[in-house]
Amino acid sequence: MIQHFPILAIMVLFFGAFFNLLLGKKSRLIRMLIVLASTGTALGLMLALVKPIMIDGGIVAYWMGDWAPIADFAYGIGLEVDALSLFFGLIITTAVFVSGLYSFEYMSHDDSLVNFYTLYLMLAGGVLGLVLSGDLFNVFVMIEIMTFSAVALTAFRNDTFGSLEAAFKYLVVGSIGSSCVLIGTILLYAQLHTLNMAQIAALLPSNLTPVTIIAFAFLFIGFATKAFLFPFHPLAADAHAVAPSSISVLISGVLTKTGVYGIIRLVYFLYQNIGEQSVQYLLILVGSISMFVCVTMALAQHNFKRLLAFHSISQIGYVITAVGLATSLGVSAGLYHAMNHTLFKGLLFLCAGAVLHQTGSVDLDDLGGLARRMPKTTILFLIGAFSISGLPPFNGFVSKWMIYQAAYERAWMGGGSLIYIFVTVVALLTSVLTLASFIKVAQSVFFGQLPEKYKDVEEVPFSMRAPMWLLALLCILTGIFPDQVYQYLIGPATSAVFSVAGYVSAMFGSGYFEISISAEYLIGYWNPLCWLILLFVVLAAVTLVSLMGKKSRGKVREEASEKSDPKYEPFYGGEASEFSQVGGSDLFWGFKHNLKPYLTFMHNAHSGVVNDYALWGVVALALAILFAILWL
């Protein structure tokens with residue numbers, strides 16, 4: 001019976017979209033029930049698979065139409081759900097269910113809600129179908145459904161400034177990513193004559209040719225686009241800023257995970273080339289650049305949702321970096337952080353939506369003092385901010401600490417490679433900047449002086465707060481009980497990543513394919529000695545930053561004496577808020593001043609022109625092909 005659960009979970013979402021469109025505008029209550037029943041059933045079916053897959057270690061294989069392989073050749077479309085697929089399926093269905101609950105009140109004043117919820121359920125079905133599919137072409141089909149639904153939902157509030165432009169950028173660059181996945185799939189099919197992912201995993205390692213190597217480059221760029229990794233990060237910022245907040249939750253917490261899932265399947269399963277140091281360096285480089293570039297861009301934002309969008313990609317950078325370490329602890333850390341990212345970033349976007357819903361603004365220069373009028377939302381925001389900043393006892397601390405630990409243990413295992421120490425420094429610095437950024441947001445939105453025009457703002461209704469409290473509770477529980485989370489979720493998913501043979505055998509029978517990952521890529525869990533080394537690195541990083549800023553201090557003081565702008569005057573704590581020279585949204589202007597050349601360069605590079613972003617995608621693809629030819 002359970003072998004039918006994956007296809008039922010996917011179809012219930014698509015059928016929900018169909019019935020929602022069929023009933024039209026007849027009843028708001030019926031529409032809500034359809035959405036609730038569809039998303040709740042999908043989540044329930046995923047939860048029902050936890051015991052047979054996560055706890056008992058099984059794998060569910062399902063051939064649509066009962067078209068089982070004949071003479072070891074796959075004719076039909078297969079769905080295969082191992083612990084890794086189920087892990088991402090649980091993340092997706094949880095986020096979709098919570099976002100759906102939130103949207104009932106949040107979207108109640110919008111028009112065309114029939115179209116909204118139809119696209120919403122299509123998006124959910126496409127994403128879930130992607131991670132549960134065992135067929136590479138079916139993955140592409142689900143990517144297309146997911147992408148075009150997301151584009152339409154980005155432009156849903158077309159009276160919002162920039163919504164149509166953001167949707168068009170998403171359409172153009174997203175289509176480049178989808179085309180890359182399609183071309184990579186075609187190239188593999190031309191060489192291997194199969195689309196089944198398990199069979200590709202069995203055949204590909206012994207059939208590496210120039211064509212299949214180039215296919216790797218296309219697939220990698222295709223999935224990187226869906227994760228919004230550098231240089232595709234501007235798409236996320238534009239889409240998050242204008243999409244309804246309930247959709248921003250899905251773009252940030254769900255769509256990005258499809259790219260992460262695709263990259264894991266690509267390097268650990270299909271090509272099994274994660275043991276190649278060049279592939280590890282590729283993932284680590286892309287992840288590290290994404291986490292650092294996006295966190296610095298977030299610090300410079302004055303739009304609440306754009307700031308959260310850049311932080312979203314920065315956190316995905318953590319995940320890809322950890323996965324690139326190619327160790328059991330690294331994969332565990334990456335998966336743990338992927339789950340945590342969905343929880344705390346979903347919570348933060350819902351908080352931003354609550355502020356927008358009550359004030360009509362997400363401009364950090366326009367807001368302030370809302371803690372007096374929206375105290376419950378403020379508490380929820382702080383839980384999300386502490387979680388994403390990696391403060392104990394919240395969940396972000398657990399996964400980030402695991403990432404630091406994994407990087408150091410990988411350095412020892414690799415003969416003390418400095419690149420892994422550098423990765424840890426970048427990750428630590430990114431965490432510090434993340435905390436600084438959310439201090440800025442807290443000061444700009446919730447603390448400080450309350451503008452006169454917001455003196456009558458009220459707290460959001462309970463129907464919007466309840467989904468936020470659910471995510472907040474999960475942020476706390478997954479931080480307080482990491483052992484249980486690891487035992488029932490992270491551990492089984494990590495084991496599945498390193499069990500290619502089990503994945504293949506579930507579809508084609510025992511003995512069809514035998515492979516094992518070299519023991520040198522598997523390491524232990526915690527090593528207390530890392531604590532001392534980590535402390536040393538933190539102190540060294542702080543010292544380095546202090547020395548780097550030393551030369552510019554005199555210049556800043558000289559410039560300050562020549563400027564009449566009061567924000568350049570020395571700032572001392574203790575004044576009444578109306579006499580403070582530095583506004584909340586510009587709380588770290590001194591830090592940004594020291595980074596002015598870098599931030600100016602990034603500002604000029606991000607022109608906002610879709611042609612430029614499309615060119616970035618083409619250049620990234622060219623570099624990926626060059627990488628594949630030279631090092632794979």
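**Helix packing and pairs**

Tutor: Helix α12 (residues 277-299) packs with helix α13 (residues 304-324) at an angle of about 160 degrees, their axes 7 Å apart. Helices are DSSP runs (H or I, at least four residues), numbered from the N terminus. Axes are lines fitted to C-alpha atoms over the stretch in contact, and angles run from 0 to 180 degrees between N-to-C directions. This is a predicted model: local features need pLDDT of at least 70, side-chain atom pairs count only at pLDDT 80 or more, and totals for chains, interfaces and linings use all residues. Residues are numbered from 1 along each chain as its sequence is written, and side-chain values use heavy atoms, with hydrogens and water left out.

Student: Is α12 roughly parallel or roughly antiparallel to α13?

Tutor: Angles under 35 degrees count as roughly parallel, over 145 as roughly antiparallel. The angle here is about 160 degrees. So α12 is, relative to α13, roughly antiparallel.

Student: And how does α4 run relative to α14?

Tutor: Helix α4 (residues 83-106) and helix α14 (residues 328-359) pack with axes 11 Å apart. Their angle is about 10 degrees. Therefore α4 runs, relative to α14, roughly parallel.

Student: Which residue forms a salt bridge with Asp110?

Tutor: A salt bridge is a side-chain nitrogen of Lys or Arg within 4 Å of a carboxyl oxygen of Asp or Glu. For Asp110, the closest N and O atoms are 2.9 Å apart, and the partner is Arg157.

Student: How far apart in sequence are the parts that this pair ties together?

Tutor: Asp110 sits in the loop between α4 and α5 (113-132). Arg157 sits in the loop between α6 (136-154) and α7 (163-192), so the parts tied together are separated in sequence by 47 residues.

Terms used: Helix = DSSP H or I, 4+ residues; strand = E, 2+ residues; numbered from the N terminus. Parallel < 35°, antiparallel > 145°, perpendicular 65-115°, else oblique.
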